[in-house]
Amino acid sequence: MTTNNAVNVGLSGATGTGNFVGSNSPAIVTPNLGTPSAINLTNATALPASALPSGAMFNFQQTQVTTASSVSNPTTMTDLGISVAITPTSASNKVLVRAVLALGSDTTNLLGLQLVRGSTPIGIATSVSTRLAAGVNAYTGLASNILGVVLEWLDSPATTSSTTYKVQVQNNGAGNAYLNRSSTDTDSNVFFRNVSVISVCEVHA
């Protein structure tokens, strides 16, 4: 019987080492394909994130909150009740955080909002002295209003551990803050309920 090695020897221009590879389900080990003129990766698996170009976004995660809730008189930064977790694949990669919120208030006071990584505020003003630091402010104007607010920040968590991002809220006076509803929130077809989301994705360094 002709062996694979014998076939290799008999092939004109044969190169490389190991056994001859047939046409059915071959397992080719460590070949260098050079620069092929065309390649189809439709069934490719286990592609490393490190192969992505700088700035490529992947590992998308999102939390969708469709129910209404409230935060009682948040005179300091208090969890709003919306968060999302991500596990970065590399400590050198960044994380793009984006929250789209529907907010209400039962006073005309300003609401200040900030993004938080774990317990660390991110994307907030610095050198504020006695002023309140926040990422963005919301002013509903009327107790019957719902205001759309967006927070976004490109963060550098420097970790490959699971990391939670959330939103916190604070008022500059007295009164409650509301998510996905107005303060009035009468059960009537002239009032709205809304949806809020927080999204994260990894950005390749």
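## Glutamate 152 and its salt bridge

Glutamate 152 is partly exposed, with a relative accessible area of 46%, where buried means under 20% relative accessible area, exposed over 50%, and partly exposed in between, computed with a 1.4 Å probe and protein chains only. Glutamate 152 forms a salt bridge with arginine 98, and their closest N and O atoms lie 2.9 Å apart; the term stands for a side-chain nitrogen of Lys or Arg within 4 Å of a carboxyl oxygen of Asp or Glu. This pair links distant parts of the chain, since glutamate 152 belongs to strand 8 (residues 147-155) and arginine 98 to strand 4 (residues 94-105), 54 residues apart. Arginine 98 likewise counts as partly exposed, at 37% relative accessibility.

The model is a predicted one, in which local features need pLDDT of at least 70 and side-chain atom pairs count only at pLDDT 80 or more, while totals for chains, interfaces and linings use all residues. Residues are numbered from 1 along each chain as its sequence is written, and side-chain values use heavy atoms, with hydrogens and water left out.

## Other salt bridges

By the rule given above, the count comes to five salt bridges. One of them joins aspartate 79 to lysine 166, with the closest N and O atoms 3.2 Å apart. Here too distant parts of the chain are linked, with aspartate 79 in strand 3 (residues 78-86) and lysine 166 in strand 9 (residues 163-171), 87 residues apart; helices (H or I, at least four residues) and strands (E, at least two) are DSSP runs, numbered from the N terminus. Aspartate 79 is partly exposed, with a relative accessible area of 38%.

Arginine 117 forms a salt bridge with aspartate 155, the closest N and O atoms being 2.7 Å apart. That pair connects arginine 117 in strand 5 (residues 111-117) with aspartate 155 in strand 8, 38 residues apart. Aspartate 155 counts as buried, at 3% relative accessibility.

## Strand 9 and its neighbours

Eight of the nine residues of strand 9 are buried, so this strand is largely enclosed by the rest of the structure. Six bridges join strand 3 to strand 9, and the two run antiparallel; strands pair if DSSP finds at least two bridges between them. Within strand 9, glutamine 168 is the bridge partner of aspartate 79.

Strand 5 is also joined to strand 9, by seven bridges, and these two run antiparallel. The bridge partner of leucine 113 in strand 9 is valine 169.

## Arginine 181

Arginine 181 sits in the loop between strand 10 (177-179) and strand 11 (196-203), and with a relative accessible area of 16% this residue is buried. Its side chain reaches the backbone oxygen of serine 183 at 2.9 Å. Leaving out residues up to four places away in sequence, arginine 181 touches Ala68, Ser69, Leu103, Gly104, Ile146, Phe192 and Arg193, where contact means heavy atoms within 4.5 Å.

## A nonpolar patch on the surface

Isoleucine 39 lies in the loop between helix 1 (4-10) and strand 1 (57-65) and is exposed, with a relative accessible area of 58%. Together with Leu33 and Leu41, Ile39 forms a nonpolar patch on the surface, with about 340 Å² of accessible area in total. Patches are made of residues with over 30% relative accessible area and no salt bridge, like charges being joined within 9 Å and nonpolar side chains (Val, Leu, Ile, Met, Phe, Trp, Tyr) within 5 Å; accessible areas come from the Shrake-Rupley method with a 1.4 Å probe, and for residues only the protein chains shown count as cover.

Conventions. Polar contact = N/O pair within 3.5 Å; in protein donor to acceptor, adjacent residues only side chain to side chain.
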